[in-house]
Amino acid sequence: MAAFAAGEHLWVKRLGNLRNTIRQEVIRRQLAGHVAGGMTVLDVGCGQGTQAIRLAQLGCVVTGIEPSDTLRALCAESAADQRVGIELIAGTIDHMDDLLGDRRFDLVCAHGLLMYLPDRSAAISTLAGRVQRGGLLSVTWTLPPMRTSTRCSMPRTAPGVPTRIAGWRRSCT
Ligand SMILES: C[S@@+](CC[C@H](N)C(=O)[O-])C[C@H]1O[C@@H](n2cnc3c(N)ncnc32)[C@H](O)[C@@H]1O
């Protein structure tokens, strides 16, 4: 929480900007092929609720865990505007046992969260532990900036596909 809290005001200020709009749309499209009405969804670090609300609009039964009072309030307000119900829980990924007991979900999301956590491997295990058998885990995070001179190796998959990409910098989600 502390790692994100320092920049929370910037996150809120930039919610409607082009980068975040595209980012949310990329995530929406990725999820769209996997969700159906009636699925149970856990969104950890749901923030302002962009995806949680979209999933609820599709008929999913959505639970969001969010430590920030400000973002939880934004999420609740948007959900009310859109006339969808979301179970919103105050807390962090570290307290999911207390918050959720033994509940598991068809889809567990953690978008834009992992880069703020000290131990990503542990976080992924924690998230995966909440996925129902046969369910899905959806995570996105921002990679640290790389120098423009960095080259990353790519396997050659087809004639004409480059084996190296120069100037690759960071992911968009
Ligand atoms: C970059 S925002 C992403 C919000 C939303 N998931 C999205 O993709 O639009 C990161 C979110 O993670 C939340 N967060 C930060 N630390 C957390 C933690 N330890 N456990 C759960 N959520 C946390 C923040 O409060 C914030 O809502």
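**Helix α4**

I started with helix α4 and found it mostly covered, with 6 of its 8 residues buried. My rule for buried is 20 or more other C-beta atoms within 10 Å of a residue's own; exposed is 12 or fewer, partly exposed is in between, and the C-beta atoms are placed from the backbone. Helices are DSSP runs of H or I with at least four residues, strands are E runs with at least two, and both are numbered from the N terminus. This is a predicted model, where local features need pLDDT of at least 70 and side-chain atom pairs count only at pLDDT 80 or more, while totals for chains, interfaces and linings use all residues. I number residues from 1 along each chain as its sequence is written.

The buried ones in α4 are T50, Q51, A52, I53, L55 and A56. I looked up what they pack against and got α3, β1, β2, α5 and β4. After α4 comes G59, with a positive phi near 100°.

**α4 against α3**

Two packed helices are described by the angle between their axes and the distance between the axes, so I looked up both. The axes of α3 (residues 18-32) and α4 (residues 50-57) come within 11 Å and cross at roughly 35°. Here axes are lines fitted to C-alpha atoms, for helices over the stretch in contact, with angles from 0 to 180 degrees between N-to-C directions.

Which residues make the contact? On α3 I noted Q24, I27, R28 and L31, and on α4 T50, Q51 and R54. Contact needs C-beta atoms, placed from the backbone, within 7 Å. By class, the residues of this contact are 2 nonpolar, 3 polar and 2 charged. (Ala, Val, Leu, Ile, Met, Phe, Trp, Tyr, Cys and Pro count as nonpolar, Asp, Glu, Lys and Arg as charged, and the others, Gly among them, as polar.)

I also checked A32, which is found in α3. A32 counts as exposed because it has 11 other C-beta atoms within 10 Å. A32 and L55 sit 23 residues apart in sequence and 8.8 Å apart in space, C-alpha to C-alpha.

**The core**

Next I looked up the largest nonpolar core, which has 27 residues; V41, V44, A52, A56, V62, C75 and I86 touch the most other members. Such a core is a set of buried Ala, Val, Leu, Ile, Met, Phe, Trp, Tyr and Cys residues joined through C-beta atoms within 7 Å. The elements that each supply at least two residues of this core include α4, β1 (40-44) and α5 (69-81). β4 gives the most, with 5 residues. Leaving aside neighbours within four places in sequence, C75 is in contact with C46, G47, Q48, G49, A52, G64, E66, I86 and L88.

Most residues other than glycine have a negative phi. R83 has a positive one, near 60°. R83 lies in the loop between α5 and β3 (87-90). Is R83 buried or exposed? R83 is exposed, because 8 other C-beta atoms lie within 10 Å.

**The ligand**

I counted 20 residues around the ligand, of which G45, G47, T92, H111 and G112 come nearest. To be around it, a residue needs its C-beta atom, placed from the backbone, within 6 Å. The shell has 12 nonpolar, 7 polar and 1 charged residues.

Key
Contact = placed C-beta atoms within 7 Å.
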